[in-house]
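Student: I have a structure open and would like to go through some of its features. Could we take them one topic at a time?

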Amino acid sequence: GTTAFVFDVTLTGGPVDTDVTVAYTTADDSATAGSDYTATSGTATITAGTTDTTITVDVTGDTDFEPNETFFVDLSNLLAGGRAVTLVGAQGLGTIVNDDGEPTAAIGDRVWLDTNGDGVQNAGEPGVQGVTVSLKDGTGAIQGTTVTDANGNYLFDNLTPGDYSIGILVPDGFELTTQDAGGDDAVDSDADPTTGMTGVLTLASGETNLTVDLGLVAIPNNAPVITSNGGGDIAQPDPILVEENSTFVTDVNADDDGPQDALQYRVSGGADETLFAVNPNTGVLSFITPPDFENPQGAGDNTYTVEVEVSDGEKVDTQLINVQVTNFNADHAPGDANGDGVVDEKDVAAAFQFLRDPVNDENEFLDLNGNGRIDIADFRAWLRTEWLVNRPVV
């Protein structure tokens with residue numbers, strides 16, 4: 001629409017007894033006739049006995065954000081009853097005040113999966129949903145965050161024009177692709193792979209920048225590798241020797257490019273897998289029931305085979321472990337229980353005195369191997385104590 005801009009024309013020194021006329025015409029300054037105001041010209045009359053009149057110029061309204069603009073009204077040919085009169089002020093200045101708000105700016109575009117790792121958005125490469133993107137101003141202060149939609153798109157709008165940068169929270173299992181590859185800002189990745197931030201981008205009034213793209217590449221997941229017992233498909237030494245009545249077999253350890261506490265172990269096979277258990281978190285492999293050399297489990301030859309698997313949740317490694325149960329022979333025990341200088345069957349009876357329970361009841365014996373009875377196996381367990389190992393034989 002238009003708005004009437006009214007200029008006052010005034011006589012100084014009071015009224016006169018005749019009409020006073022003055023010619024006027026508009027002229028451009030920073031405002032332009034036709035787009036900012038309507039060009040006007042004519043003659044204004046101050047009626048006899050009065051001191052003023054007005055000149056009206058129509059100003060054209062718009063919604064553009066722009067500086068204030070000005071135009072002139074020039075006066076000439078001032079006459080009073082046909083007589084020429086001197087003009088004191090021959091020009092009026094009109095100012096068109098901008099009343100439109102400054103247009104806001106916007107920035108954004110897309111987070112995508114760079115499947116071929118070339119740093120450029122290629123046909124068919126999908127957007128990544130659910131990625132957190134942040135907006136920082138020129139001081140580095142965060143002005144907002146958003147999450148990418150189903151197509152990987154994001155947008156920050158209604159922004160005050162100025163300096164901004166975009167950051168990305170890289171999801172687990174991914175890293176940023178090469179920055180500024182290919183020379184086309186509309187399809188490259190703009191974030192620094194080290195910092196996760198773009199450079200500073202200046203937004204002008206009313207600007208929408210939809211070229212700020214962020215490319216992700218999947219980090220390769222290598223399978224864990226069993227390193228204990230020589231590594232490889234078969235544990236070394238082959239077989240691993242385990243003395244009867246003992247449950248511990250070996251520690252299974254593995255290396256992985258992910259966190260070690262994420263590895264999980266399990267018994268995955270072998271002819272005798274049902275006789276073994278492995279701690280899923282530590283990899284300690286044990287017999288479920290202590291083996292008895294005289295009464296072997298399985299095939300009856302005191303040789304056992306078990307396969308252990310380690311997994312990072314996606315990929316696995318396995319190792320076959322052969323176990324040989326050995327006989328515990330008291331004749332070769334490292335202790336002379338009765339102190340006669342000879343390790344023989346007499347030490348068995350002497351050793352039982354050490355199985356008495358010194359805390360609860362001296363008439364009760366300690367079931368050292370936990371099999372529910374007091375027998376030769378408890379003597380063997382006692383022989384493996386530090387006391388026997390360190391006691392010199394006479």
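Tutor: We shall discuss a sheet, a threonine in a loop and some aromatic pairs. Please keep in mind that this is a predicted model.

Student: Sheet first, then. In what order do the strands of the open sheet with E10 and E14 come?

Tutor: The order is E10-E9-E12-E14, four strands with antiparallel pairing. Strand E10 (142-147) and strand E14 (201-203) are at the edges; each has a single partner strand, so one side of each lacks a neighbour in the sheet.

Student: By how much are neighbouring strands of this sheet turned against each other?

Tutor: On average by 30°, with direction ignored.

Student: How many bridges join E12 to E14?

Tutor: Three bridges connect E14 with strand E12, which spans residues 162-168, and the two run antiparallel. Across this pairing, Asp163 stands opposite Thr202 in E14.

Student: Changing topic: where is Thr177 placed?

Tutor: Thr177 sits in the loop between strand E13 (174-176) and E14.

Student: Is Thr177 buried or exposed?

Tutor: Thr177 has 4% relative accessibility and therefore counts as buried, since the cut-off for buried is under 20%.

Student: Which side chain makes a polar contact with that of Thr177?

Tutor: That of Asp114, at 2.7 Å. Leaving aside neighbours within four places in sequence, Thr177 is also in contact with residues including Trp112, Gly119, Ser189, Pro193 and Leu216.

Student: Now the rings. How many aromatic pairs does the structure hold?

Tutor: There are eight aromatic pairs. In one of them, the ring centres of Phe5 and Phe71 are 5.6 Å apart and the planes stand at 75°, so this pair is edge-to-face.

Student: Which parts does the pair of Phe5 and Phe71 tie together?

Tutor: Phe5 belongs to strand E1 (residues 2-10) and Phe71 to strand E5 (residues 69-80), so the pair ties together parts 66 residues apart in sequence. Phe71 counts as buried, at 0% relative accessibility.

Student: What about Phe287 and Tyr304?

Tutor: Their ring centres lie 5.3 Å apart with the planes at 80°, so Phe287 and Tyr304 are also an edge-to-face pair. Phe287 is in strand E23 (residues 284-287) and Tyr304 in strand E24 (residues 303-311), so the parts tied together are 17 residues apart in sequence. Phe287 is buried with a relative accessible area of 3%, and Tyr304 is buried with 0%.

Student: Which residues do ring pairs link into a cluster?

Tutor: The cluster consists of Phe5, Phe7, Tyr37 and Phe71, linked by ring pairs.

Methods:
Residues numbered from 1 in each chain as written. Predicted model: local features only at pLDDT ≥ 70, side-chain atom pairs only at ≥ 80, totals over all residues. Heavy atoms only, no water. Pairing = 2+ DSSP bridges. Axes fitted to C-alpha atoms, helices over the stretch in contact; angles between N-to-C directions. Buried < 20%, exposed > 50% of the residue type's maximum accessible area, 1.4 Å probe, protein only. Polar contact = N/O pair within 3.5 Å; in protein donor to acceptor, adjacent residues only side chain to side chain. Contact = heavy atoms within 4.5 Å. Phe/Tyr/Trp six-rings, centres within 6.5 Å; stacked < 30°, edge-to-face > 60°.
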